[in-house]
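Dear colleague,

Please find the structure below.

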Amino acid sequence: MKIEHEVIGRWLDVLTALGVDQRYLINRHGKCPFCGGRDRYRFDNKDGYGTFFCNHCGAGDGFKFLSKMFNWDFKKSVTEIRQIIGDCRVVVMKKTDPRRGLKAIAQKVKPINGDSDLVQYLKNRGITSCPDSLKEAELYYFEDGIKTGPFTTMVALITNNLGKGVSYHLTYTHKQHKLKCSAPKKIMTPVIPMKGAYVELYPVEEHICVAEGIETALSIHDLTGLPVISALNAQNLSALSLPSLVKKVEIWGDNDASYCGQRASYALAEQLTRKGVEVIVHIPPTVGKDWLDTLNETQDDIYKDWQKTAEPRDVSAVKELVKVFNTKMIIGEEQ
Ligand SMILES: [Zn+2]
């Protein structure tokens, strides 16, 4: 049998025998052996192929692992594996049921009341909205496998367009600010694929606003009074799948230097337009900023006056404001 077939299921022992530290062979978030990231790596060994995943480095199989760790090409890896494979067992990784982790959180969530640290956390970010859809829980955070906390955590339910629960998004906070750690935001392992799912911050209606981040979406609710949903990241924004009752969508995208946020916004715009949904895309005028930054930093008199006087859903005022931002974008003026 060829080594690449023989090694399937044996990677755990193979990598151990080749000198890989055990702590990098665990299916739990921890330190990445390749980039040094403290909590974004896991060895998930999917179907026994020795797979790993790091939020920064990406994914790979056992051969990729060896090439990244020892700089071995495929031929060298095969030679090395051949010498030790006789003693290596087939080990079936236990599949952890994501429901367990999600249930543990579900049992701890409670509504956010007015004097919660999370209300203050949002205020510190420049946000006044705190919808009932967001919950809080006292949760532990694991850094390098060490349990810390508990910390007051903002818990957002991620659902699909049928309203079915997919996973939880967590934002760990400490003393009313984002927890200083390597991954203060986290999506729990989902029970069904994440693609197209979102956080419905306010109940979806015919006309909604969409943003990447939860905080950005909330700032857009502060601005427009419209129902907002968060796609959580650019990748998911471009693939967003909305309920059929939605007829008009305003996409409040990020202005990324890499064009990642803009690309995702326009990809979604294209996808929705094809389905006959009316779409408006708003991109903030300054590179590297999202709408939350923009609204917090703007010194526009129009915005300040508008904040003081406008009623939520005062559509004409919002239109006026957006016109100002869009004009600035076109002429490239800095805020
Ligand atoms: Zn990494």
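Helix H9, residues 260-274, has 15 residues and reaches 21 Å from its first C-alpha to its last, close to the 21 Å expected at 1.5 Å a residue. Please keep in mind that this is a predicted model.

The buried residues of H9 are Gly261, Ala264, Ser265, Leu268 and Leu272. Viewed down the axis of H9, these buried residues fall within an arc of 100°, so they line one face of the helix. On the face turned away from that buried side, H9 carries the exposed residues Glu270, Thr273 and Arg274.

What covers the buried residues of H9? The cover includes helix H8 (234-238), strand E13 (248-252) and strand E14 (278-282). H9 lies across E13 and E14, and runs at about 170° to E14. Just after H9, Gly276 takes a positive phi of about 85°.

**The five-stranded sheet**

E13 and E14 belong to an open sheet of five strands, in the order E10-E12-E11-E13-E14, with mixed pairing. Strand E10 (199-200) and E14 stand at the edges with a single partner strand each, so one side of each has no neighbour in the sheet.

Within this sheet, strand E11 (residues 207-211) pairs with strand E12 (residues 228-230) in the parallel sense, over three bridges. Ala211 stands opposite Ser230 in E12. Helix H7 (residues 214-224) packs on the sheet and touches E10, E11, E12 and E13. The direction of H7 makes about 170° with that of E12.

To put the two helices side by side: H7 touches E13 among other strands, and H9 lies across E13 and E14.

**The three-stranded sheet**

A further open sheet is formed by three strands in the order E1-E2-E3, and its pairing is antiparallel. Which strands stand at its edges? They are strand E1 (41-42) and strand E3 (58-60), each with a single partner strand, so one side of each is left without a neighbour in the sheet.

E1 and strand E2 (residues 52-54) run antiparallel and are joined by two bridges. The bridge partner of Tyr41 is Cys54, in E2.

Regards

Note on methods
Residues are numbered from 1 along each chain as its sequence is written. This is a predicted model: local features need pLDDT of at least 70, side-chain atom pairs count only at pLDDT 80 or more; totals for chains, interfaces and linings use all residues. Helices (H or I, at least four residues) and strands (E, at least two) are DSSP runs, numbered from the N terminus. The expected span of a helix is 1.5 Å times one less than its number of residues. A residue is buried if 20 or more other C-beta atoms lie within 10 Å of its own, exposed if 12 or fewer, and partly exposed in between; C-beta atoms are placed from the backbone. The arc is that of the directions from the helix axis to the C-beta atoms. Two residues are in contact if their C-beta atoms, placed from the backbone, lie within 7 Å. Two strands pair if DSSP finds at least two bridges between them. Axes are lines fitted to C-alpha atoms, for helices over the stretch in contact, and angles run from 0 to 180 degrees between N-to-C directions.
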